[in-house]
Amino acid sequence: MKIRDLISEDGITVGLEESEKEAVIEYMVGLQALCRNVRDAEKFREDVLSREKTGTTAVGGGVAIPHAKSSAVRKTGLCAVTLKGGADWGSPDGVPVNVVFMIAAPEAGDEHLSLLSRLVTLLMNKSLIKRLSEAADSAEFIKILEEYDARRFEKQETCKPCEKTYRLVAVTACPTGIAHTYMAAEALTKAAENLGISIKVETSGSGGTKNQLTAEEIKNAETVIIAADRQVEMGRFNGKKLVSASTGDAIHKAEEVVLSAVSGNAPVYRHKGEQKEKGGVGATGFRALYGYLMNGVSHMLPFVVAGGLFIAVSFLIDTVKAIPETAAFGSGTPVSAFLNQIGGIVFSFMLPVLSGYISMAIADRPGFLPGFAGGWLANIGSTFANPAGDTSSGFLGAMFAGFAAGFTMLLLEAACDSFPAALEGLKSVLIYPIMGLLLITVIVCGVNPLMGYINTWISDLLHALNGVSAVALGAVLGAMMAFDMGGPVNKAAYVFGTASIATGNLSVMAAVMAGGMVPPLAIALATSIFPGKFSPEERKNGTVNYVLGLSFITEGAIPYAASDPLRVIPSSMVGAAVASGLSMLFGCTLGAPHGGVFVFPVVGRWAYYLMSVAIGSVVSALILGAVKKTYAVKGKK
């Protein structure tokens, strides 16, 4: 797709006499409406301004690219204005903006990402910006844009490079994977060309990896440049000279970065765990540990959502079929039994996947097998006395297994460094898998009895509370469900609830599910009511928690709790305790062990139950909104 395909003379104004950012945006929204790119101009304007609040869309050099992916957009479209006096847009270089492009993108598809990357690549050319700002009218503006677009991209698209050897190879990646990723790539490419140095740059953006480096190209390159602000795949660069920089350095000091890469002084990269932060990540201490955990959680969530919803649907089917409240609930018909079994299998992968990807983030590919196996052993509760499993150590056990496996593999890799070169090929296929599995088995089997003891202690405590006060018991169970959101404390409360069904006490299971529904629902409400308290990614994922909360999938709140535990966890516990306590007070009952809203037809006094969950969720959301700090955009005070 060419930029010219998405812009017309009607969507361009030159010499606009506006100096306020909001006024410029409002004017350009009008241009988008004039070009019939948007169906609801007011909604689109709100979405553009909302995007601006997350961080400036100015890219430096007098250019800004406001954009929004919105339900108000009919089709992907581009409009542009030049400003007579310039406008303060919070540019990273402090230069007033005098050329503004606005992208309107529909919610479906990622067409705008390729357009945005192409546009920011073009706008790295200062002569283009100068000529656009001096254009006499919209026709000349388009002509200039077409000229530079054809010069930069059509030649590249029709003349595929046959060169297999590059003196330099590079990877660029920014946290959002949009503008800075491609600006850094363009800056490095231009600097290398000006110096007469061949280079190939791989971009790791939100639309996927583009211009991917091959093993042959990496092997033949003299030096590797990693210009990244987040973690990238580093194992493939083992043994290569490597220069690390941020995307900002690559954009503003590209020539300096390229010269350092060809100076001959670049250090040789050895792929060990302690070096994984190379590539501009720069994470140390708690930030590094948090990054490892989030790598596991992000890969785990699809298993939680898909498996949990399959199980919930199986309960819904049996509810419709009026299956008696027995152990067969959820598998009373062939269809429900099939869905329940598939969902259960997928759900059982949740903790191994969490552990495996935590370990992989620490020790790369050698860490995945011991991490995955350690998570499974933690999940089934393997011990030396009973390898087949005893008491599950849950989320905390799997998390521990992931970190233990990752750091154990780093030690193992360090111990194998002195091996003869002839054994190098055996490390990844024989030594690391076997020794890693053996070591993590010993570690997890040694820890699981302690976790089992903790779970048993918690269960005994709950039974002691049962005769004291039903409301107090409900509040305690709710707080436990929200404490570690799928971990051993949560699972102890859940097991207590399911065991109570067998004894005929259906009020306990109702309280347990109410408490488990609150954390994700509260997160979803908080991201909607207090958007300024959360990052763009957190707001985007916040709506998903409505579905997770209503489906009784507490784990949806884990990423938020991990990023801000001192505020999210206590807030969630208070609301969950309120919901569960009210459920017990109102005498609500539940004979199904799972399902959320899908099993509400079998909830006793369901209207009171719904009110309990709603009150608890609102309480948590309001507390979280009050105590959570306003989200600070990186680079702004």
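The legends below describe close-up views of a predicted model. Local features are reported at pLDDT of at least 70 and side-chain atom pairs only at pLDDT 80 or more, whereas totals for chains, interfaces and linings use all residues. Residues are numbered from 1 along each chain as its sequence is written, and side-chain values use heavy atoms, with hydrogens and water left out.

**View 1. A nonpolar surface patch that includes Val429 of helix α15**. Phe384, Leu426, Val429, Leu430, Ile434, Met435, Leu438, Leu439 and Val442 make a nonpolar surface patch of about 800 Å². Such patches are made of residues with over 30% relative accessible area and no salt bridge, nonpolar side chains (Val, Leu, Ile, Met, Phe, Trp, Tyr) being joined within 5 Å and like charges within 9 Å; the areas come from the Shrake-Rupley method with a 1.4 Å probe, and for residues only the protein chains shown count as cover. Val429 belongs to helix α15, residues 424-466 (helices are DSSP runs of H or I with at least four residues, strands are runs of E with at least two, and both are numbered from the N terminus). With a relative accessible area of 58%, Val429 is exposed (exposed means over 50%, buried under 20% and partly exposed in between, with a 1.4 Å probe and protein chains only).

**View 2. The salt bridge between Glu17 and Lys84**. The side chains of these two residues meet at 3.1 Å, N to O, in a salt bridge, defined as a side-chain nitrogen of Lys or Arg within 4 Å of a carboxyl oxygen of Asp or Glu. The pair links distant parts of the chain, 67 residues apart, with Glu17 in the loop between β1 (12-16) and α1 (21-34) and Lys84 in strand β5 (residues 77-87). Glu17 is exposed at 61% relative accessibility, and Lys84 is exposed at 60%.

**View 3. The salt bridge between Glu202 and Arg236**. The distance here is 2.8 Å, N to O, and the pair links strand β8 (residues 199-205), which holds Glu202, with the loop between β10 (223-228) and β11 (241-245), which holds Arg236, 34 residues apart. Glu202 is buried, with a relative accessible area of 3%, whereas Arg236 is partly exposed at 28%.

**View 4. A salt-bridge network of Asp564, Arg567 and Lys628**. Asp564 lies in the loop between α21 (558-563) and α22 (565-585) and Lys628 in the segment after α23 (606-627), so the pair ties together parts 64 residues apart in sequence. Asp564 is buried at 11% relative accessibility, and Lys628 is buried at 8%.
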